Amino acid sequence: MDLAERRGVETEVYQPAEDSGLLAAEAESRVDADDRVLEVGTGSGYVAERVAEETGATVLASDLNPHACRQARERGLDAVRADLTTPFRESAFDAVLFNPPYLPVDELAERDDWMEIALSGGETGREVIEAFLDDVGRVLAPEGRIFLLVSSLTGVDEVVDRAATAGFSAAALRDESYPFETLTVLKLVR
């Protein structure tokens, strides 16, 4: 059974959930009006929209999914189709926000719809996070910071260790527990 069947509702774009609200709340309290902000994997654009509205910062939304980019634009956001941080120039952003695909899935599981891509973090749940951490430092301004949502299903300690390998120190800003996982917003800085 694929993720679409388990969800029971088919959609092409990840819609806001508890994780989105948690990331948005932490980011909007820590982003300044003069910041240049990138939200990677914006989905519907909910987090980017909240941060832009609450802070006055310049926010660019990006997603691999063209349907997500369209929804973000419908919210009035500037949105571009991008694979993580690949197309962006060096030192372009003061803050980068990311609610990554983090659900651990069998490596043989099919990733044949946009929701599976939005949710599936690979066998460990960290594959997309690791690829993100490998390149995000390039697009981050010297004093920039990253706000990364991580699930206990993915392994917060493992993500913190991987961030350290990529040159970042991590601080947990907030945890929220749910029946099947605890969500943590990490702030990463060089």
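Predicted model: local features only at pLDDT ≥ 70, side-chain atom pairs only at ≥ 80, totals over all residues.
View A: Residues are numbered from 1 along each chain as its sequence is written, and side-chain values use heavy atoms, with hydrogens and water left out. S91 sits in the loop between strand 3 and strand 4, and its phi is positive, near 55°, although S91 is not a glycine. The loop between strand 3 (78-81) and strand 4 also holds L84. L84, again not a glycine, has a positive phi of about 55°. L84 is buried, at 16% relative accessible area.

**View B: the whole fold, for orientation.** The protein has 7 helices and 7 strands, taken as DSSP runs numbered from the N terminus (helices: H or I, at least four residues; strands: E, at least two). Of its 190 residues, 48% are buried. Among contacts (heavy atoms within 4.5 Å) with a separation of 6 or more, 66% link residues 24 or more positions apart. The exposed surface comes to about 8900 Å², with 48% of it supplied by carbon and sulfur atoms; the areas follow the Shrake-Rupley method with a 1.4 Å probe, and for residues only the protein chains shown count as cover.

**View C: the largest nonpolar core.** This core has 25 residues, and those with the most contacts inside it are F93, V96, F132, I146, L148 and L188. Two or more residues each come from strand 1 (36-40), strand 4 (93-98), helix 6 (127-139), strand 5 (140-151), helix 7 (156-165) and strand 7 (182-189). Helix 6 is the biggest contributor, with 6 residues. A nonpolar core here is a set of buried Ala, Val, Leu, Ile, Met, Phe, Trp, Tyr and Cys residues joined through side-chain atoms within 4.5 Å. Which residues does F132 touch, not counting residues up to four places away in sequence? They are V40, L84, T85, V96, F98, I146 and L148. A second, separate core of 23 residues includes A72, Y102, L149 and V185. As background, nonpolar side chains tend to be buried together in soluble globular proteins.

**View D: strand 1 and its partners.** Strand 1 is largely enclosed by the rest of the structure, because 4 of its 5 residues are buried. Strand 1 runs parallel to strand 2 (residues 58-63), joined to it by 5 bridges, and V40 stands opposite S62 in strand 2. From strand 1 the chain passes through helix 3 (residues 46-55) to strand 2 in a right-handed β-α-β crossover; that is, with the strands pointing away from the viewer, the path from the first strand over the helix to the second runs clockwise. Strand 1 also pairs with strand 4, in the parallel sense, over 4 bridges (pairing requires at least two DSSP bridges between two strands). In that strand, F98 stands opposite V40.

View E: The loop between helix 2 (18-28) and strand 1 contains D35. D35 is buried, at 7% relative accessibility. Leaving out residues up to four places away in sequence, D35 touches A57, T58, D94 and R145.

**View F: salt bridges.** The whole structure contains 11 salt bridges, each a side-chain nitrogen of Lys or Arg within 4 Å of a carboxyl oxygen of Asp or Glu. In one of them, the closest N and O atoms of E74 and R70 are 3.5 Å apart. Both residues lie in helix 4 (residues 66-74), 4 residues apart, about one turn of the helix. E74 is exposed at 60% relative accessible area, whereas R70 is partly exposed at 38%. R126 and E130 form another bridge, 3.9 Å from N to O; R126 is buried at 16% relative accessibility and E130 is partly exposed at 26%. Between E176 and R174, the closest N and O atoms of the salt bridge are 2.6 Å apart. Through shared partners, salt bridges join E26, R30, R174 and E176 into one network.

Note on methods: Buried < 20%, exposed > 50% of the residue type's maximum accessible area, 1.4 Å probe, protein only.
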